Amino acid sequence: NHANGVSMTTVLGPTGVLRRALRNAGLLLTGKISAGLIQLGSFALAARGLGLNDFGIFSMLLAQVQLLTGLAAFQSNHAIVRYGVEHLRTGNRRAFQALIKAGTLLDLGAALFAMIATFLLVPLISDYLGWDSAITRSAQLISVLALTNAIATPKGMLRLFGRFDLLTQHTVVTPAARLVGVAICYATGASLAGYIVFWLIAGLLGAAVALWLGWREARRRDLLHGMNGSLRGLTDENPGIWRFTIISNLNSSLKLIPDQLSTFLVGVMLTPAAAGLFKIARELGTAFAKPVELLNQSVYPDVARLASVGQWHRLSRTVLHAGLLAAGSSALAAILVAAGGRTLISFVFGDEFISAQLVLLLIAIATSITVLVFAVEPVLYALGKPSRSLVTTLAASLVFTVGLLYCLPRYGLSGAGMAYLMSGVVTVGFSIFWYWKLVVVPHGRRSREARTSG
């Protein structure tokens, strides 16, 4: 069946590949929309139950652990798809088992490192920000949330197997559990620590479900038969996997700067209340990129197969069509934000958070710009060139950080939105450059030469 999947990709045109990616993304989107609405409800209840200042602290604590977790985590799901496609095509079960062993080791090691680092750094951060002992204990408790990130390998397996239906089902597990927990806290008037406890329990539940689904599907395909606990020779049939995952990790880690470091810096440079406002704006403003992220996940396996068989023309058309579709949809969402952002914030979070309207609009516009080139990254990974994506992310993150440090003192909270815009422009420029250099120029020339000789 996996071999048939590869052969089908060679005859599918770009529209067929994109259609299949859209179908898979549609499955994920069904769950993601539900999860997004549920999570929005969780944040809305938490914001109303905690108030602006405590919700800002809650946002800073989440950003702190998510940033350190992301910096440590290896995005082994990229490697699972990148190397797994070939192992399944050739029926090399031993190489596949070595691959998922390596991925699991990376996942667990990174999660443990992030948890310990977060726990140890909390007292230093607390002293600097003047947090009391109750907030310090809550911050150390939430460090356990790092363990919930050790699920990249099973999720990568589900993507590789095409089980986007299971990924869809898993998407709602953690948000649904969190909504229940936050609702209990809201109804009982719980303290900040109570919200953190339920947030943590829900995350651990979601991680357990992901592990069960991924390994269950591997066992059903008889890919675990004969697998043992030996850790020798993991790279023998997966050459370059350590370098690939390290670069993937650096790339994904740098992407966390706009997402998590920004929330923490806003709280430090302005106020915890400003961090709460920014958290609301970021959650809403980047929500329109979530469907694009799902399309990215679903298109990657097909892009990898197209690249492996040299279908460069179809690959280019797929990238173009996907980018235009994503950018158009996101631009429409930005227009809706401009028209009704104030009403949306007031209705969901309360009048206390209306000040987030301007930064919300700026982030929504930046998101619309960035998603235009979203499909370039999976192409770079499929070509075995994650370092190019890393350069793009490094440049964008550097511009964002400098822009944030410059704009926040001068323009207040809206300065964070300006930094997002600067970063988005850099991302688009670098992505177009890499795609032109690595795909259009070399493979376009070969296609022309082949037509001429024919």
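Select Arg-342 to start; this residue is found in helix α13 (residues 312–349). Helices here (H or I, at least four residues) and strands (E, at least two) are DSSP runs, numbered from the N terminus. The model is predicted: local features need pLDDT of at least 70 and side-chain atom pairs count only at pLDDT 80 or more, while totals for chains, interfaces and linings use all residues. Residues are numbered from 1 along each chain as its sequence is written, and side-chain values use heavy atoms, with hydrogens and water left out.

Stay on Arg-342. At 47% relative accessibility, Arg-342 counts as partly exposed; buried means under 20% relative accessible area, exposed over 50%, and partly exposed in between (1.4 Å probe, protein chains only). Leaving aside residues up to four places away in sequence, Arg-342 touches Ile-354 and Gln-357, where contact means heavy atoms within 4.5 Å.

Next, select helix α14, residues 357–370. From first C-alpha to last, the 14 residues of α14 reach 20 Å, close to the 20 Å expected at 1.5 Å a residue (the expected span is 1.5 Å times one less than the number of residues). Colour the buried residues of α14, which are Val-359, Leu-360, Leu-362, Ile-363, Ala-364, Ala-366, Thr-367 and Ser-368.

Keep Val-359 and move to the core. Val-359 is among the residues with the most contacts inside the largest nonpolar core, together with Phe-55, Phe-58, Leu-61, Phe-278, Phe-349 and Phe-353; this core has 57 residues. Its largest share, 13 residues, comes from helix α2 (residues 14–72). A nonpolar core is a set of buried Ala, Val, Leu, Ile, Met, Phe, Trp, Tyr and Cys residues joined through side-chain atoms within 4.5 Å. A second, separate core of 21 residues includes Leu-88, Leu-99, Phe-161 and Leu-223.

Which residues surround Leu-61, not counting those up to four places away in sequence? Leu-61 touches Trp-131, Ser-138, Ala-139, Ile-142, Leu-192 and Ile-196.

Now go to His-87, in helix α3 (residues 76–90). His-87 is buried, with a relative accessible area of 7%. Show Asn-92, Ala-95, Phe-96, Leu-99, Glu-237 and Asn-238: His-87 touches these, not counting residues up to four places away in sequence.

Then display helix α7 (residues 164–171) and helix α8 (residues 173–188), whose axes come within 4 Å and cross at roughly 15 degrees. Axes are lines fitted to C-alpha atoms, for helices over the stretch in contact, and angles run from 0 to 180 degrees between N-to-C directions. The two helices, α7 and α8, are therefore roughly parallel to each other (angles under 35 degrees count as roughly parallel). Gln-169, His-170 and Thr-171 in α7 meet Val-173, Thr-174 and Pro-175 in α8.

Further along α8 is Ile-184. Ile-184 counts as partly exposed at 39% relative accessibility. The C-alpha atoms of Ile-184 and Gly-194, ten residues apart along the chain, are separated by 9.3 Å.

The last stop is Asp-222, in the loop between α9 (192–220) and α10 (241–269). Although not a glycine, Asp-222 has a positive phi of about 60 degrees. Asp-222 is partly exposed, with a relative accessible area of 43%.

Finally, show the whole protein. Its secondary structure comes to 17 helices and zero strands, and 54% of its 454 residues count as buried.

Conventions. Angles under 35 degrees count as roughly parallel, over 145 as roughly antiparallel, 65 to 115 as roughly perpendicular and the rest as oblique.
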